[in-house]
Amino acid sequence: AQWNADIKIYGAWSRAYPQKSLAVFAKGSEGFNYKFFPNLSLDNFESIVLRNSGNDWNSTLLRDGFMQTIANDLDIDNLAYQPAVMYLNGEYWGIHNIREKVNLNYLSSHFNVNKSSIDLLELEGFIIDGNNEDYIAMTEFLYAKNLSDNANYEIIKNQIDIPSFIDYNLFQIYIANTDWPGNNNKFWRSRTEKPKWRWILFDTDFGFGYMESYRHNTLKYATDPNGPEWPNPSWGTLNLRKLLENESFKTQFINRFSDLSNTILTPENINTILTSLSSKIANEIPDHIEKWNAFDLSNWEYNISIIKNFADVRISYVRQHFENYFGFSGLQIVVINNNDLNGGKIQLNSLTIEKNNWYGSYFIGSKIYVKAKANPGYEFIGWSGSSNSTEDSLEIVVNELVDLKANFQRKSNFKEIVINEINYNSNANFDTEDWI
């Protein structure tokens, strides 16, 4: 592909490196008609970033892209990642990470919203595009009101996309990003199509950090009411601090962390992603090193091992931080069984369990929510194990081992109808006879 484009050096601190990040802007209205990112359906871009990996430049060359890839499975607005080799005027220029650029076009194309309706803000509510009046008013409301009052919480629920907000904060806490929330903090809404605020994950280079950052109590840090102007000022922790005053939000926040700690954030899953991404660039690292003389191969391998070690142990530390912060006394096993996968599935908090047998660890004293959902032609007939209830929904306080089986059976009077042909949109004068 070939385009006319404008290019400028990109990045605040990383522009000091000999290999620069570049922002590339398409000239004209057609944009870059190319599928840069295999995992996205988008094939047209107004601009892209050729990133040198930011603060991670002389470390792994994939840290932010790796974390953004993990976030693909979360309810977070994140930035696609694709490593590439660049040649500049025919000269080898090493590994650059192709990235999306946070702007109105990114939001419009991903969420099918009108650019003129978007408010894109950063930090304390500073305007990038649109206006900030409603956000500032919400901030003043949070400062003034007690969110333990459910009426106040309902007002905020109408302004913040709560599930996304929870995933965003839990992920920043998990990765121990200490260049946030007093920096790298952008959020947006569409005043018409998507009127609730959502936060954008970007520039996470401080996450999965060096040495013993896996010990960092980022939960305490992200809720500190008196932190320094950088990196965790009072305004940066306000939203999460205030929302945690509400019992409903707190339960949802804790349960979502437990759900993720048993699924997406397990060491096995994280290391699978790391291995996949590091293997894609491993063969190119020697040539990149020769070009920039920034580090050696053993240094790159060591820094990859730093990330792997973080993945191996981080979740156990964050669980301990949650126990201390919320006053729990350890973990207990929750076992979910299904007598017939054809019969239905089971909802556990935010998770949909579609296995015969599943188990995870949940905090002792926490309250979990379980629901059996029958498939068409089947009915739920009751639980066995820790409960014999015939109600499809259960609320359980985890004190001892929870071992539940959902029992489904086929409806005796259920008949299947197979439709194998449909006559679509025939002429009004045509006799369709018995066709649908």
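Visitor: What makes strand E2 largely enclosed by the rest of the structure?

Guide: Count its buried residues: 5 of the 6 in E2 qualify. Buried means under 20% relative accessible area (over 50% is exposed, in between is partly exposed; 1.4 Å probe, protein chains only). With that share buried, E2 is largely enclosed.

Visitor: What kind of model is this?

Guide: It is a predicted model: local features need pLDDT of at least 70, side-chain atom pairs count only at pLDDT 80 or more, and totals for chains, interfaces and linings use all residues. Residues are numbered from 1 along each chain as its sequence is written, and side-chain values use heavy atoms, leaving out hydrogens and water.

Visitor: How many helices and strands does the protein chain have?

Guide: The protein chain has 11 helices and 19 strands. Both are DSSP runs, numbered from the N terminus: H or I of at least four residues for helices, E of at least two for strands. Buried residues make up 50% of the chain's 436 residues. The C-alpha trace spans about 70 × 70 × 50 Å along its principal axes.

Visitor: How do you know that E1 and E2 pair?

Guide: Two strands pair if DSSP finds at least two bridges between them. E1 and E2 have 6 bridges, in the antiparallel sense. That count meets the rule, so they pair. Ala 5 stands opposite Ala 26 in E2.

Visitor: What joins strand E2 to strand E5?

Guide: E2 (residues 21–26) and E5 (residues 47–51) run antiparallel and share 4 bridges. Ala 23 has Val 49 in E5 as its bridge partner.

Visitor: In what order do the 5 strands of this open sheet stand?

Guide: The order is E1-E2-E5-E7-E6, and the pairing is antiparallel. E1 (5–10) and E6 (81–88) are the edges; each has a single partner strand, so one side of each lacks a neighbour in the sheet. From one strand to the next, the twist averages 30°.

Visitor: How do you know that Leu 277 is buried?

Guide: Its relative accessible area is 6%.

Visitor: Which residues is Leu 277 in contact with, leaving aside its neighbours within four places in sequence?

Guide: They are Leu 62, Gly 65, Phe 66, Thr 69 and Tyr 81. Contact means heavy atoms within 4.5 Å. Thr 69 is 208 residues away along the chain, yet the two C-alpha atoms are separated by 9.1 Å. Across the protein chain, among contacts between residues at least 6 apart in sequence, 67% join residues at least 24 apart.

Visitor: What makes E15 and E17 edge strands?

Guide: They belong to an open sheet of 4 strands with mixed pairing, in the order E15-E12-E19-E17. E15 (357–363) and E17 (378–385) each pair on one side only. The twist in this sheet averages 20° from one strand to the next.

Visitor: How many bridges link E12 and E15?

Guide: E12 (residues 331–338) pairs with E15 over 7 bridges, in the antiparallel sense. Ile 336 has Trp 358 in E15 as its bridge partner. Helix H11 (residues 297–326) packs on this sheet and touches E12 and E15. The direction of H11 makes about 50° with that of E15. Axes are lines fitted to C-alpha atoms (for helices, over the stretch in contact), and angles run from 0 to 180 degrees between N-to-C directions.
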